[in-house]
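This briefing covers how side chains pack in one protein chain. Please look over the sequence and the model before reading on.

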Amino acid sequence: MLLVVTYSRAARGSLRNVCRTHDACVVRRFGRAALFEETELGAFLALRLREKHGSDVQLERTEPLNEFETVPERVRNAAVAYEAREHASTPYAKFAAGTDHPDPERLRRREL
C-alpha cells in the first residue's frame with residue numbers, strides 16, 4: 001500500500017478531493033493521511049499530490065503487519081496478558097516486573 005501524509009491545510013484539501021474522486025483506489029482514510037492501493041493509479045495520485053504540494057506531502061510504501069510471522073510469541077502473549085490485567089491503571093513496566101513477560105527496555109531495544 002502507499003501511505004500519503006499531508007502537512008498543510010491545502011494538501012489536506014487536495015487529499016480529501018482525490019479520495020472522494022477516486023474512492024475505489026483508497027484503502028483507508030485517516031484525515032491527514034490515506035492509504036492508496038499499490039497500483040499505478042495509486043502511485044499517480046500520490047505523486048500528483050506531492051508534485052502539487054511539495055514537502056507538505058510525504059509518501060511511504062507500507063505493508064500489512066502479519067503479527068504471527070513478524071512478532072515473537074512472547075510479545076504477543078505479553079500484549080494479551082497486559083490487556084487482561086486486573087487493574088487498568090497498572091503501567092506495563094510494573095505489570096511485567098517479576099514475570100516472564102519482556103520488560104519495556106528489552107522491547108525498546110529489539111527490532112522486529
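A nonpolar core is a set of buried Ala, Val, Leu, Ile, Met, Phe, Trp, Tyr and Cys residues joined through side-chain atoms within 4.5 Å. The model described here is predicted. Its largest nonpolar core has 14 residues, and a second, separate core has five residues. Three aromatic pairs are counted.

**Largest core**

- Val4, Leu15, Cys19, Phe36 and Leu49 have the most contacts inside the largest nonpolar core.
- Two or more residues of this core come from each of strand E1 (2-6), helix H1 (9-21), strand E3 (33-36) and helix H2 (40-53).
- Helix H1 gives the most to the core, namely four residues.
- Leaving aside residues up to four places away in sequence, Leu49 touches Val4, Ser14, Leu15, Val18, Phe36, Gly54 and Val57.
- As a general background, nonpolar side chains tend to be buried together in soluble globular proteins.

**Second core**

- Tyr92 counts as buried because its relative accessibility is 17%.

**Aromatic pairs**

- A pair of aromatic rings is described by the distance of the centres and the angle of the planes.
- Among the three aromatic pairs, Tyr82 and Phe95 form one that is edge-to-face, at 5.4 Å centre to centre with 65 degrees between the planes.
- This pair links distant parts of the chain, since Tyr82 lies in helix H4 (residues 73-83) and Phe95 in helix H5 (residues 92-96), 13 residues apart.
- Tyr92 and Phe95 form a tilted pair, with 6.1 Å from centre to centre and 40 degrees between the planes.
- Both Tyr92 and Phe95 belong to helix H5, where they are three residues apart, about one turn of the helix.
- Through ring pairs, Tyr82, Tyr92 and Phe95 are linked into a cluster.

**Charge over a ring**

- The ring of Tyr82 has the charged end of Arg85 sitting over it, 3.8 Å from the ring centre.

Note on methods. Residues numbered from 1 in each chain as written. Predicted model: local features only at pLDDT ≥ 70, side-chain atom pairs only at ≥ 80, totals over all residues. Heavy atoms only, no water. Phe/Tyr/Trp six-rings, centres within 6.5 Å; stacked < 30°, edge-to-face > 60°. Buried < 20%, exposed > 50% of the residue type's maximum accessible area, 1.4 Å probe, protein only. Lys NZ or Arg CZ within 6 Å of the ring centre and 35° of its normal. Contact = heavy atoms within 4.5 Å.
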